[in-house]
Structure formats: C-alpha cells, structure tokens
Amino acid sequence: MGDTAENLKVTPLHALHKELDARMVPFAGYDMPVQYPAGILTEHRHTRAAAGLFDVSHMGQVRITGADPAKALEALVPGDLVALDVGRMRYTVFTNDAAGILDDLIVNKRDRDLFVIVNAACKEQDIRHLQDNLKGCEVEYLEDRALIALQGPQAVAVLSRLNSVMPAMSFGMGATLALGKYEAFVTRSGYTGEDGFEISLAAGQAEEFARWLIAQPEVKPIGLGARDSLRLEAGLCLYGHDIDTTTTPIEAGLAWTISKRRREEGGYPGAAIVQQQLKDGVARKRVGIQPEGRAPAREGTEVLNEAGEKIGVITSGGFGPSVDTPVAMGYVATEYAKAGTPLGLSVRGKTLPARTCTLPFITKRYAK
C-alpha cells in the first residue's frame, strides 16, 4: 500500500491494541489491528454470539451546518435526505458525472446539523468534495473524535449498564446520550449484519471507555480480519472492492437507496445515467456467489459460464465462519445473475464449480 511504519497515523486506541497483543497492519494510512491472539475465526464467531468491539476511529467524521444542509447534500448524492427525520440515518453514495461511486457514506440528521461518516481511504478527497461543492454550508472534519463500534446480539445489554434507554433505540436511530460519565453520539447501526451500535466520543476519553467495554464479560476486541468476513457474510459492500468509480449504484444492487422522488427528480451527478439504467436495466449486476467446494475464491477470480467464457469477476471472497463454507460476491453479466445459475471459478489454473445466490449469506439481525 506504500505505507511505512514511520508515516502511518494511529487512532486513540493504538496503545490499547498493542497492549492486547494485536497484529498490526497498514490500512488506509493507519496502523490498525487485523487480529488479536484469539484469531479471526474466534473473533468472527464471538461477534455473532455476543459482542465485539471494533476500533473504527480511522473513518472520517464530518459535521455539516448551514441553512438547509440536507437539501444542499442532495446535490452530491442520490439519497433522500430532505425526507429523513431528525434522529435517523441514511446510507448513500457520492456519485460522479458517469454515475460511478466515489465513496459510500452514512448521513445522520440531527437538530442543527448533519453528522456524516465517510471511509478512511477516501476521507481527504470526500471532505474536499464537500467543501468545494456544498453551497451555503460549513464542513467541519471532527479530528478530535474517536469512533467505536460495538456489534453483536449482546451489545444492547452491555450498553444498557450505562444508559437504560438503549433497548428503546431502533435500527438507524441516532442520539446524543450519556454513557455513564461519557457523552457520545450513538447510532444503532453497524456493518456486520448484527444488532449493534456506533459510538462517537471525544478522542481523549476513547481508551478509558474501550477498557470499560472489554472488561465486560460479553465483549472481546475484534480486528479488521473478522470485520471483513462479517460484512461479506452480510452481503455488504466494501468501497474500493465491490463498489468504486467504475460501478454505478444500479449495477451494485443499491437501487434501494434511491427513493421515488430522487429517481424522478434527479439533481445529483450522473442522475440521467441512473434513470436510464433503472428504465432499461444494466449489462452486469453484483450478486452472491457460492463456491461448491471448500476452496475459497478470492478477489480478482474470474467468473466463467458453462462454456468457459469469462462473464464476470469476484470482488470479495473468503471463508464464511458462520455458514462454514466459502462465500463470495462479484459482478456477472446480467443473464447469469439469477440465483442458482451454474458458474465456473478460475482458481489457480482450475475451473471450480459455483452458483449465483441471493445475498446475504446470513440472516441479518438488526433491531426493529
């Protein structure tokens, strides 16, 4: 990735990761934990069964203020932000004039501002994009905030020890809350397919708060390795892999993020292309891919039809610990996108059998 130990940034939890004997790797310009001594399989399964703590402080936290920041931001994304209620969040994407995806992001509407989370690898360009293009708005990068995700079915029980309101929050809801002595902006959300919370708090309080969390019997620290396998089982896109500037929201299976009003009105970069694709269809689609053996198919693996012709490529692939089988997703020509279609995967000179399948690979367990 071109990163060296000398120029890597660190998060407020860096010293704690080292103390916990994490294996650290360069990721998006940061020194990040890929796994702890228990290992990726154990961390993955623990998150599905109990509660996992993820350091996501490398991601960009941005505050947008102005007369009508929701309306202003709609000029850059196809998501319906004007209709979003205060206290709710929405997943959307930045598009370019070709309807390619510049990044995916989460937008939280609050009383006096929008609180936006962007990806670590894209945050500098995203913040510049916002500052250059949002008319009548102030864009503030919140460098002094840490971000911690607590994911898994027991996350709500853990945080309820600090604030009894937690069970009353529904998925996609956000609020500024007291968590014991810490004030935090908390959303009931995450990127694992499980119930859980993302917690933004002052960077100076993050390590103490994280130590309290991992002292709870249900909580273990989780690294980037299990974060990736969890989101893959949940069929969730990773920017730079499953979506990028060469993919449109419709090809990526993200049409659900675009409301009827935004489909009809447009008003964002590439809107005419999205409208055309909604009307006429697309030449390729993102699908789930189920290898039939035990060998995982990794990113970049060519997908073949029964005649041995290349008809697509895998963008994310690996072993799914929760389903005890290899799992993958990628793009195939639309005529092969129907679930159950036989495919071949070109792995180390051999063609291995596979089929398209519906996403996700696990049942999502978000709070209602």
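Biologist: Which residues of helix α2 are buried?

Modeller: As a general idea, an α-helix has 3.6 residues a turn, so residues three or four places apart point the same way. In this predicted model, helix α2 spans residues 40–49, and its buried residues are Glu-43, His-44, His-46, Thr-47 and Arg-48. The elements that cover these buried residues include the strands β2 (30–35), β3 (51–55), β9 (145–151) and β13 (219–221), together with helix α7 (224–233).

Biologist: How many residues does the largest nonpolar core have, and which of them have the most contacts inside it?

Modeller: In soluble globular proteins, nonpolar side chains tend to be buried together. Here the largest nonpolar core has 26 residues, and those with the most contacts inside it are Leu-150, Met-166, Phe-197, Ile-199, Leu-201, Phe-209 and Leu-213. Two or more residues of this core come from each of β3, β9, α5 (155–160), β10 (174–179), β11 (182–187), β12 (196–202) and α6 (203–214). A second, separate core has 19 residues, among them Val-62, Ala-70, Val-107 and Leu-130.

Biologist: What does Phe-209 touch, leaving aside residues up to four places away in sequence?

Modeller: With those sequence neighbours not counted, Phe-209 touches Ile-148, Leu-159, Leu-162, Leu-179, Tyr-182, Ile-199 and Leu-201.

Biologist: How many aromatic pairs are there, and why is the pair of Tyr-91 and Trp-256 given the class it has?

Modeller: A pair of aromatic rings is described by the distance of the centres and the angle of the planes. The count comes to four aromatic pairs. For Tyr-91 and Trp-256 the ring centres are 6.0 Å apart and the planes stand at 10 degrees, so this pair is stacked. The pair links distant parts of the chain, 165 residues apart, with Tyr-91 in strand β5 (residues 89–95) and Trp-256 in the loop between α7 and α8 (260–265). Tyr-91 is buried, at a relative accessible area of 14%, whereas Trp-256 counts as exposed at 62%.

Biologist: What is the arrangement of Phe-115 and Phe-185, and are they buried or exposed?

Modeller: Their ring centres lie 5.1 Å apart with the planes at 70 degrees, so the pair of Phe-115 and Phe-185 is edge-to-face. Phe-115 belongs to strand β7 (residues 114–118) and Phe-185 to strand β11, so the pair ties together parts that are 70 residues apart in sequence. Both Phe-115 and Phe-185 are buried.

Conventions
Residues are numbered from 1 along each chain as its sequence is written. This is a predicted model: local features need pLDDT of at least 70, side-chain atom pairs count only at pLDDT 80 or more; totals for chains, interfaces and linings use all residues. Side-chain values use heavy atoms; hydrogens and water are left out. Buried means under 20% relative accessible area, exposed over 50%, partly exposed in between (1.4 Å probe, protein chains only). Helices (H or I, at least four residues) and strands (E, at least two) are DSSP runs, numbered from the N terminus. Contact means heavy atoms within 4.5 Å. A nonpolar core is a set of buried Ala, Val, Leu, Ile, Met, Phe, Trp, Tyr and Cys residues joined through side-chain atoms within 4.5 Å. Rings of Phe, Tyr and Trp (its six-membered ring) pair if their centres lie within 6.5 Å; planes under 30 degrees apart count as stacked, over 60 as edge-to-face and the rest as tilted.
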